[in-house]
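This report describes a single protein model for a reader who is new to structural analysis. Please examine the sequence and the structure before reading on.

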Amino acid sequence: GESSAPTDYSKDFKGDTDMFGCANNLIKNIVGSGVLTLAGGVAAFTDHPPMLIVAIAIAFGFAALAGYCFNFVAMTCRLTGARSYTEAWAKTVG
């Protein structure tokens, strides 16, 4: 069957924020949500203070996994010449 993915990638992506601004905003959002949910999550499961160390270790594990995935997407975009995640998906998967 035919794919319903758009095939016109000639659009110009216009934005006012530079790469540093985008990265900074993403980091603030991820860290902010993690800080707000980590304490609540630990409090919901235990009142034993050393468990906070385990929770932080798990959070860093997820952060490392997310960083790896972001790097993988960036590498895929670079290798395919894609300018967006959607375009990289269309070029690699179809």
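Predicted model: local features only at pLDDT ≥ 70, side-chain atom pairs only at ≥ 80, totals over all residues.

Met-75 is located in helix α2.

**A nonpolar surface patch**

Met-75 has a relative accessibility of 33%, which lies between the limits of 20% and 50%, and therefore counts as partly exposed. Met-75 belongs to a nonpolar patch on the surface, together with Met-51, Val-54, Ile-58, Phe-62, Leu-65, Tyr-68, Phe-72 and Leu-79. The accessible area of these residues together is about 920 Å².

**Overall architecture**

The protein contains three helices and zero strands. Read from the N terminus, its elements follow the order α-α-α. Of its 94 residues, 10% count as buried. The accessible surface of the protein amounts to about 7900 Å², and carbon and sulfur atoms account for 67% of this surface.

**The largest pocket**

The largest pocket of the protein has a volume of about 590 Å³. It is lined by 22 residues, of which Gly-34, Leu-38, Ala-55, Ala-59 and Phe-60 are the closest to the centre of the pocket.

Which helix gives the most to the lining of the largest pocket? The answer is α1, with eleven residues. Helices α1 (19-45) and α2 (51-80) each supply at least two residues of this lining. In terms of residue type, the lining comprises 18 nonpolar residues, four polar residues and no charged residues.

Side chains of opposite charge can pair when their charged atoms come close. The protein has one salt bridge by the rule applied here. This salt bridge joins Lys-91 and Glu-87, whose closest N and O atoms are 3.3 Å apart. Both residues lie in helix α3 (residues 85-92), four residues apart, which is about one turn of the helix.

How accessible are the two partners? Glu-87 has a relative accessible area of 6%, under the limit of 20%, and so is buried. Lys-91, at 43% relative accessibility, counts as partly exposed.

| Residue | Relative accessibility | Class |
|---|---|---|
| Met-75 | 33% | partly exposed |
| Glu-87 | 6% | buried |
| Lys-91 | 43% | partly exposed |

How values were computed. Residues numbered from 1 in each chain as written. Heavy atoms only, no water. 1 Å grid on protein atoms, 1.4 Å probe; cavity = no way out; pocket = protein on both sides within 12 Å on 5 of 7 lines; lining within 4 Å. Points joined across faces, edges and corners; volume = space filled by probe spheres on them. Nonpolar A, V, L, I, M, F, W, Y, C, P; charged D, E, K, R; others polar. Patch = residues over 30% accessible without salt bridge, like charges linked within 9 Å, V, L, I, M, F, W, Y side chains within 5 Å. Areas by Shrake-Rupley, 256 points an atom, 1.4 Å probe, with all protein chains shown as cover. Salt bridge = Lys/Arg side-chain N within 4 Å of Asp/Glu carboxyl O. Buried < 20%, exposed > 50% of the residue type's maximum accessible area, 1.4 Å probe, protein only.
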